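Please read them with the sequence and the coordinates open.

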Amino acid sequence: MCGIAGYFGLEEDRGLLDRMNAAQRHRGPDDSGTHVDGPVGLAHQRLSIIDREGGRQPMATPEGRYVLAYNGEVYNYRALRDELAAASHTFVSHSDTEVVLQAYAAWGREAFDRLNGMFAIAVWDRDEQTLTLARDQFGIKPLHVSRVSEAHGGRRGPGGSWLFASEISPILVSGRHDRAPNERSLFRYLRHRVHDDGAETFFEGIERLLPGEMATISADGFERRRYGTLQHDLERARPAATGAGAEEVAALRDGLTESIALRLRSDVPVGTSLSGGLDSSTIAVGIDRLLTTHDTSAEAVGPRQQTFSAVFPGYRNDEERWVDDAVDACSGPVQSHRIRPTSDDLLADLTDFVRTQEEPVVSTGPYAQYRVMKEASRHVTVMLDGQGADEMLAGYVPQTVTHLRSLVSRDRRAGLAEIIANRDILAGQVRSRLRTRLQGGGSVSLLLRRDFRAVHAEDTYAVEGATLRQRLVHDLFVASLPALLRYEDRNSMRFSVEGRVPFLDPDLVRTVFAMPDDAIIRDGWNKHVLRDAEEHVLPASITRRRNKIGFTTPQNEWFHEQREFIYRVFLSESFASRPYFDRTEVLNAFEQWLSGRGSLDSMAFWRILNVELWLREFFDARAEPAADDTSDTRSDAADDARSGAATPTGGAVRGAGSLTAPATNEGKELDIELPDGTRVRRLPVRTPQVADTDDLVALVVDRVRAHVDALGDGRSVAGSGFSRWHVFVSEKVVAITQHRSFFIWDIPVSRAARVLSRHVTRTPRASVSGHRSRCSWRSTRRVSRGCCSPRPRAPRESSSDGGVSSTPSSGATCAPSTGRPSTRSTRPTCRPSSPPRIPTACLRPSRRRSAPHCPRALPTPSVAPSSSTRTTSAATSSGPMPRATGPGWSRCSPTTPWVRGHSAPRWRSSSTTSESWTRARRRAPTRAPTRARPRARPRTRPRTRRRS
């Protein structure tokens, strides 16, 4: 198992090959090599599985005509080697690589269809000056291509210049490809939940070779075509509708046993991925049979089989009891490894997981496999998995529906009988659709921007196949399996583990497609022939199990647990600036889903979240990781080269100890010169996330102590000495610890407010009368006003976020917040020009669970050491007050919404950046009021009841 890369049509560039190799070193850390010949360069990273001492690549034939870079395993290489040896071909190693090379030299492109295995191949023909690329029949191993433009040194003419690689990252780091998202792929993914269903990737200009496809590149041009007939043969299969019996069961059992035995050939340890479902359990007991019968093919397994499972105790989709049943069904010794991922683990691994997959995934389900492969890499190098069984044996409900539809059209009586047998499965589908319609029938398209939807309005997606066989072939090669194989390849190779899939054996698949339809679905059971084949080996709890879960995660529950993180992403400035999402609708829909009233599911929000994190990782400007970045940061140069993108925090924020080079926004400075000539320096200090149970004093003292201790006895920052220090604490930190700040999802919003909020088109400025501004809110439940004194205008300054920070001020200030996107609805903060006189009405809490309303800002706690001639962030007593805005700074905005009439949930910014966005139940009138509304006068006499 390896990673391959290279170019065609460029000048000799070994540095390019080294960069591309480094970007996928995780695919093959055991060895590497390059080969350059004229316009072609080949690069190879090797994970040694068979013949660890031999098989180095790129490998050339003795006369030097053919040079091969190869990724994969060919399981029938011994039979092919004997055939080639009989034809006078000589071999100097025992690897399958040399067999593949000699097979191509002997049979040309026809050799690809004779290989039983998984592979991605690049062969350079020196004499013909032709580069041939090929991918295995099912597309188990990936291969990507990209044309090099003339701007990046590409050649003119029909042949042009090309890059190819096992993964996308080597092409991105090559320096010869402009990064741009493929918006069509994004729309199809967001709207129709499809991806990996064609040659296009999520990166504009980068394509993948399709399963069973080859590409020929020469000076005459670039040509793609299929080299085999497997897919065509399966499409043409016309077996009988009924008649399956014991022969089909025996054929499947024998074919699967042979396939498993072939895939156990290895010079390194082999393990098993066990989810507790029928497919993976079948492989586990199949290996057990080989071990207990002392079959030589199972020598790589060792004295006991090692299985690896992801379990989720306490959640609905936990499959541990079925894992236990599968392990108990094995008569030989089994060492069962259990991985228990949590939502906190997902959050910690999220950056690396997004980077590993390279393209968005349909759900968090592949993360379970990610964790399984991570644990497996500590024990084995090869893993067998059950991918492909659902696609060839109709393991999904939509395949059953397709079969029932076609069966009713052919034989109504048989179709109705089968519908009755499947009534429990169909009832679940009907309930799900009815629930969606009753809850409003929301669509993901409503969460996308109107202009984005308009551009791709004609891009629809229809499921292919009017019959069960057509649907199965479509799922095998287009709709379902390609995405699952991508997940498998990226997750396993991220940790240098080779994944093998016994169900995807060409001979075995042909055998299944030759069986009658009732071998696949009969009497309400899908995978009927496989259930019959394993009924005497596996317990009935597995063979007659109706609820299919698979390698998934408790995504719904995890999203509730991590809702604050998701809110931060949706509230971020980068999310708001994307041309794809309607943030207001996304936030409203997500809040409805959290409250159990929404018609969308967590998978819709995952797709939106995944796209945002993917855009940050691969397209946003590279930024230094934040001090509290929880991502799994890679230390080696290969992973740094591979990522080449921003961290999810998207900021250059320093921790308490990183004081030598504080970061600022572009065009801004940390140093400020006050009107009296004093020059101060602001040093933002970032705090952990603050909770309402935190001790404010202890929090401030700990952070300030760490900050000052990092300076040393000289108390200097970047060569400048300071002896007078002032500490300013964010109002948001104070509000949280004083229970004056609330999570936005804790604010109830009525259904009418949600409907009316869609018609808000303008947010007016607050009214100003005389020297005093008045910020007003009105809702259907309460009217509350607070008074704010005017502030002199001053040039804005921006700095990095910080929870405990310092800034020049005269009186109370709006200090920076915790450095995280705002996920709480807080009172807007104001800067009174004199000591604040806080109206009682402003501080009186609401009677209902709603956002507090416009109090004056409380004086910010400060610590003032002894005076000195030079200060850092010193307080001043005169002159205009510089106002800092930017990420983390909140202020009483002139664009504060003023509400007239009814209320509605809207998301409005009270700062120039989205980190200060707050949640309020309010709506805006069509124009701004000219004066503040007076407070309603109380009634002077009680209301009396009219007599009838």
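1. The largest nonpolar core of this predicted model has 89 residues, and Ile121 and Leu264 are the ones with the most contacts inside it. Helix α8 (residues 278-292) gives the largest share of this core, seven residues. Leaving out residues up to four places away in sequence, Ile121 touches Ile4, Leu68, Ala69, Tyr70, Val100, Phe112, Leu115, Thr132, Leu133, Ala134 and Leu143.

2. There is also a second, separate core, with 76 residues. Ala43, Tyr487, Ile566 and Val586 are among them.

3. For the overall picture, the protein has 948 residues, of which 58% count as buried. Its secondary structure comes to 31 helices and 37 strands. Of the contacts between residues at least 6 apart in sequence, 75% join residues at least 24 apart.

4. Thr216 is found in strand β11 (residues 213-218). With a relative accessible area of 11%, under the 20% limit, Thr216 is buried. Not counting residues up to four places away in sequence, Thr216 touches Arg109, Thr130, Leu131, Thr132, Gly221, Phe222 and Glu223. Thr132 is also one of the residues that Ile121 touches.

5. How many aromatic pairs does a search of the whole structure find? The search gives 30. One of them joins Phe203 and Trp614: the ring centres are 5.2 Å apart and the planes stand at 70°, so the pair is edge-to-face. The cut-off for that label is an angle over 60 degrees.

6. Where do these two residues lie in the chain? Phe203 is in the loop between α5 (183-192) and β10 (206-208), whereas Trp614 is in helix α26 (residues 602-618); the pair therefore ties together parts that are 411 residues apart in sequence. Phe203 counts as buried, at 1% relative accessibility. Trp614 is buried too, with a relative accessible area of 0%.

7. One aromatic cluster is formed by Phe187, Phe452, Phe559, Tyr567, Phe570, Phe575, Tyr580, Phe581, Phe590, Trp593 and Phe605.

8. Trp525 deserves a separate entry for its charged neighbours. The charged end of Arg544 sits over the ring of Trp525, 5.1 Å from the ring centre. Arg546 also lies over the face of Trp525, at 4.5 Å from the ring centre.

9. The largest cavity holds about 140 Å³ of space. Its lining is made of 18 residues, and Arg135, Asp196, Arg208, Pro482 and Arg486 lie nearest its centre. Helix α18 (residues 481-494) supplies the largest share of that lining, four residues.

10. Is Pro684 buried or exposed? At 13% relative accessibility, Pro684 counts as buried. Pro684 lies in the loop between β21 (679-681) and α28 (696-711). From Pro684 to Phe728 there are 44 residues in sequence, and the C-alpha to C-alpha distance is 9.7 Å.

Notes
Residues numbered from 1 in each chain as written. Predicted model: local features only at pLDDT ≥ 70, side-chain atom pairs only at ≥ 80, totals over all residues. Heavy atoms only, no water. Phe/Tyr/Trp six-rings, centres within 6.5 Å; stacked < 30°, edge-to-face > 60°. Buried < 20%, exposed > 50% of the residue type's maximum accessible area, 1.4 Å probe, protein only. Lys NZ or Arg CZ within 6 Å of the ring centre and 35° of its normal. Core = buried A, V, L, I, M, F, W, Y, C linked by side-chain atoms within 4.5 Å. Contact = heavy atoms within 4.5 Å. 1 Å grid on protein atoms, 1.4 Å probe; cavity = no way out; pocket = protein on both sides within 12 Å on 5 of 7 lines; lining within 4 Å. Points joined across faces, edges and corners; volume = space filled by probe spheres on them.
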